Amino acid sequence: MDDYINFIAEAWREFIATGNTHPKVRSEIADSWRRCKSYGVDPMNGRGINNYKHPEVLTSENAELISVAKPIMESIYSIVAGSGFSIILTDKDGYIVEVIGDKDIMERADKLNFVKGELWTEACVGTNAIGTALYLDKPIQTIGAEHFGINQHSWTCSASPIHDEDGNLIGCINMSGNSYSAHSHTLGIVTSAAQSIQKQLALIISYNLMNITFDSISEGMIVLNDQLKVKRINDRAMEILNIKAEEAIKMDIIHTLSNINFNEIICNSRKTFNNVECDFYIKGNRIKCIINAVPMKVNEKLVGIVITFREAQYVHKLVNKVVGYKASYNFEDIITKNEKMNAMISFAKKAAKSDCNILIQGESGTGKELIAQSIHNYSKRSPGPFVAVNCASIPRELVESELFGYEKGAFTGASKDGHPGKFELADGGTIFLDEIGELPLDIQTKLLRVLDNNKVIRVGSTYEKQLNVRVIGATNRVLKEEIKKKNFREDLYYRLNVMNINTIPLRNRKEDIEVLVQHFVKILSIKNGHLNKAVRKDYINELMKYPWPGNVRELRNVVERDYYLSDGDLVAAYAIEDNAIENIIVENSTHEVEENIPLISIQSLEKQSIEKALVNCKGNIVKASTILNISRSTLYRKIKKYNIQVD
């Protein structure tokens, strides 16, 4: 080492005197000397320069780098303490931000301004391990006169740049001592230290990102260890459960979440619970949530369990959105010129602004659900769900569980996870109970209790869940008559009938027939590529003669049938119903028939109707039966009867 120190000192003197570099001088050093000469660095100096950056500012700007690097620097120093070395950390610009070292070496460093706040770039102090490593962006060792400034010739320094996870230069770590103590191992030490700092920084960033993600996800999350102790809980979980972090850490998860068998997960690390409806029991409160519980494994060994959860109410809202529990119609969709209908709409709007239960009574096909949806959309509940239930279509034995839900194992065939009822799904919105007069008496009793206290009890449970639901009932029955027959509870009738709306049958508002027909034809025209068909006055006149027992629904079906079966303008080419044809034929048969007017048999007319419907529907039996307003089985029977070929 002494020979090299003497050689490099002579080579340095030659360069300073002549500008020529000895061929045996390392290229990194020779190139650096040339740069220093071009910078105008004084070779007779070599002390650090304060470039007006206060140490406190530097500490603040590099807080994360210092916090990671300092423990590593202290660890290195504990190994080399007493050997005459100091360990220095700089930022990416070459400012010293941290120094650790023996007392005697620190005194020497102080004379060189090798202290916090000083700048140690090549351009300021000449060739040195810190400045050159930062310039080259690679580890380097400088010994004796390899330093450009003469005041550094008694030093040996090893430095390695530090990068962030994206490869950007963020600092430099350096180890300096007496030149006679130079050893290649010191360069290896600082290189390893730089790599350790880089890895630790990456871990911190990853940890911070994990923390941010952990606390920012919309689900509550609880992390348990293998002893089922709470190790972490995120902000969302504390918000849902209304607890603080210190309370969560002390939580006994087995008693807090009694629905889940955690021992089953521990004993069988492949076992998971997905989308299970469970109750958290916190401070005497019961919080219903949908949870997932998944085992955490490292090298196939169970190290804990992760629980994620959402409030059941939020999940129900999501379900409502997906399955379409919403109201589509508004009062503007009700087409009428009738004064009584307009008065009914005005009353319904006032009822919508209240929070009262509503009973809609009227014949089938008069638009009871259309009015119910319009009331919902006109009310303050419009952002919430609109859940429609046809009480007549639910099997008697399933009515209670369908309306109020059930707990797991409540009855044979029940879902193992339980199931929310329609009332729970309608929480925050409106439930429309169509054909409410068909409800069994025992269910009427339970419905009355729900209307009284806005609470439901699932089948198989004793827990009453508070709800915020408006009930709109509808029926085509005369409920007062049903009360007399003991088919409907009188107290339920008065509880429902806070606001009463009676729909008007089409036969009592025949002035609406023409506007409704024009509306239906317009919709059909758009549906069929704007195939416009004019509505003749005689067509409307024919429709006005009919009593319309099926009301608007029947009118719509007839118009749709005539639209598809009419070649040009809309005409009533086919009878509204078979009885109407028979009445016309019978009526005509009582009069003398002119010889020149040919008569067509009912069978021939029926055959022509079927053939024309099949042609228009391109042989589609389902569509043809809809247009003809008969069932598919009837259509098949008549096709066979008249020997009609279906292509």
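Predicted model: local features only at pLDDT ≥ 70, side-chain atom pairs only at ≥ 80, totals over all residues.
Residues are numbered from 1 along each chain as its sequence is written, and side-chain values use heavy atoms, with hydrogens and water left out.

Tyr 563 and Tyr 564 form an edge-to-face aromatic pair, 5.4 Å centre to centre with 90° between the planes. The rule here is that rings of Phe, Tyr and Trp (its six-membered ring) pair if their centres lie within 6.5 Å; planes under 30 degrees apart are called stacked, over 60 edge-to-face, and the rest tilted. By this rule the count comes to 11 aromatic pairs. One of them joins Phe 280 and Phe 309, and it is tilted, with 4.7 Å between centres and 45° between planes. This pair links distant parts of the chain: Phe 280 sits in strand S8 (residues 273-282) and Phe 309 in strand S10 (residues 301-311), 29 residues apart. Helices (H or I, at least four residues) and strands (E, at least two) are DSSP runs, numbered from the N terminus. Both Phe 280 and Phe 309 are buried. Elsewhere, ring pairs tie Phe 114, Trp 120 and Trp 155 into a cluster.

Strand S10 also holds Thr 308, which counts as buried at 13% relative accessibility. Leaving aside neighbours within four places in sequence, Thr 308 is in contact (heavy atoms within 4.5 Å) with Glu 219, Gly 220, Met 221, Ile 290, Ile 291 and Asn 292.

Now for the nonpolar cores. In soluble globular proteins, nonpolar side chains tend to be buried together. A nonpolar core here is a set of buried Ala, Val, Leu, Ile, Met, Phe, Trp, Tyr and Cys residues joined through side-chain atoms within 4.5 Å. The largest one has 33 residues, and those touching the most other members are Val 517, Tyr 539, Leu 543, Trp 548, Leu 555, Val 559 and Ile 610. Helices giving two or more residues to this core include H21 (512-527), H22 (537-544) and H23 (551-565). The largest share, seven residues, comes from H23. Take Leu 555 as an example: not counting residues up to four places away in sequence, Leu 555 touches Leu 506, Ile 513, Leu 516, Val 517, Phe 520, Leu 543 and Trp 548. There is also a second, separate core of 30 residues, with Cys 391, Phe 404, Leu 439 and Leu 467 among them.

Most residues other than glycine have a negative phi. Trp 548, though, has a positive phi, near 55°. Lys 486 has a positive phi too, near 65°. Is Lys 486 buried or exposed? At 64% relative accessibility, Lys 486 counts as exposed, and its place is the loop between helix H19 (479-484) and helix H20 (490-496).

Next, helix H15 (residues 368-378), whose buried residues are Lys 368, Ile 371, Ala 372, Gln 373, Ser 374, Ile 375 and His 376. Among the elements covering them are helix H14 (339-353), strand S11 (358-361) and strand S12 (386-390). In the loop between H15 and S12 you'll find Arg 381, which is buried at 7% relative accessibility. Beyond its neighbours within four places in sequence, Arg 381 has contacts including Asp 355, His 376, Gly 428 and Arg 470.

Finally, go to the start of the chain. Helix H1 (residues 2-18) and helix H2 (residues 27-39) have axes that come within 12 Å and cross at roughly 35°. These axes are lines fitted to C-alpha atoms, for helices over the stretch in contact, and angles run from 0 to 180 degrees between N-to-C directions. The contact is made by Ile 8, Ala 11, Trp 12 and Phe 15 of H1 together with Trp 33, Arg 34 and Lys 37 of H2.

Conventions. Buried < 20%, exposed > 50% of the residue type's maximum accessible area, 1.4 Å probe, protein only.
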